[in-house]
Amino acid sequence: MAVAREIVLRQLTTRARSRAELQKALDARGVPAEASEEVLDRFEELRLVDDAAFSQAWAENRQRSGRSTRVIRQELRTKGVDSDTVLEAMGSLDEDADLQSALAFARKRVSALRNVEPAVRYRRLAGALARRGFPSGVVARVLREVLNPSEPE
């Protein structure tokens, strides 16, 4: 039991984690299932493990760092968060989350590309936005706005 508690505390020291991530860490260290369940249940009672809070914080942080809602949703699923909790976390994000996030990212990135040919700048910026998971409609709108700011939408 003490070993399981120590593993979970060490995992939570570096960053917040989902219950599934902690379970996986305990399984990897060979902790018996009963001990894992008991420790994780106790940590949930103490609110040190909370998938809803974890999902919310993760979604907000990743949105600020320029990730699309699609990518954030996929990351949360990979971390073992259930679909209902993911939907709840994503629902709290701004409706124009993808557009705002893409615009912020593109505005930062375009200054580094100011000495590059326009066609190359367009291609590089479009590629960077696509790799971050933004839909093509958002990418097109952001490119129009960032690369041709004098033209009205």
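Figure 1. Arg 42 is partly exposed, with a relative accessible area of 43%. Glu 45 is exposed, at 58%. (Buried means under 20% relative accessible area, exposed over 50%, partly exposed in between, with a 1.4 Å probe and protein chains only.) The two form a salt bridge, their closest N and O atoms 3.0 Å apart. (A salt bridge is a side-chain nitrogen of Lys or Arg within 4 Å of a carboxyl oxygen of Asp or Glu.) Both sit in helix α3, 3 residues apart, so about one helical turn separates them. (Helices are DSSP runs of H or I, at least four residues, and strands are runs of E, at least two, numbered from the N terminus.)

This is a predicted model: local features need pLDDT of at least 70, side-chain atom pairs count only at pLDDT 80 or more, and totals for chains, interfaces and linings use all residues. Residues are numbered from 1 along each chain as its sequence is written, and side-chain values use heavy atoms, leaving out hydrogens and water.

**Figure 2. Arg 19 meets Asp 41.** Their side chains form a salt bridge (3.0 Å, N to O). Arg 19 lies in helix α2 (residues 19-28) and Asp 41 in helix α3 (residues 33-45), 22 residues apart. Arg 19 is buried, at 15%. Asp 41 is partly exposed, at 33%.

**Figure 3. Lys 79 meets Glu 21.** This salt bridge spans 3.3 Å, N to O. Lys 79 lies in the loop between α5 (69-78) and α6 (83-91), and Glu 21 in helix α2, so the pair ties together parts 58 residues apart in sequence. Lys 79 counts as buried, at 16% relative accessibility. Glu 21 is buried too, at 16%.
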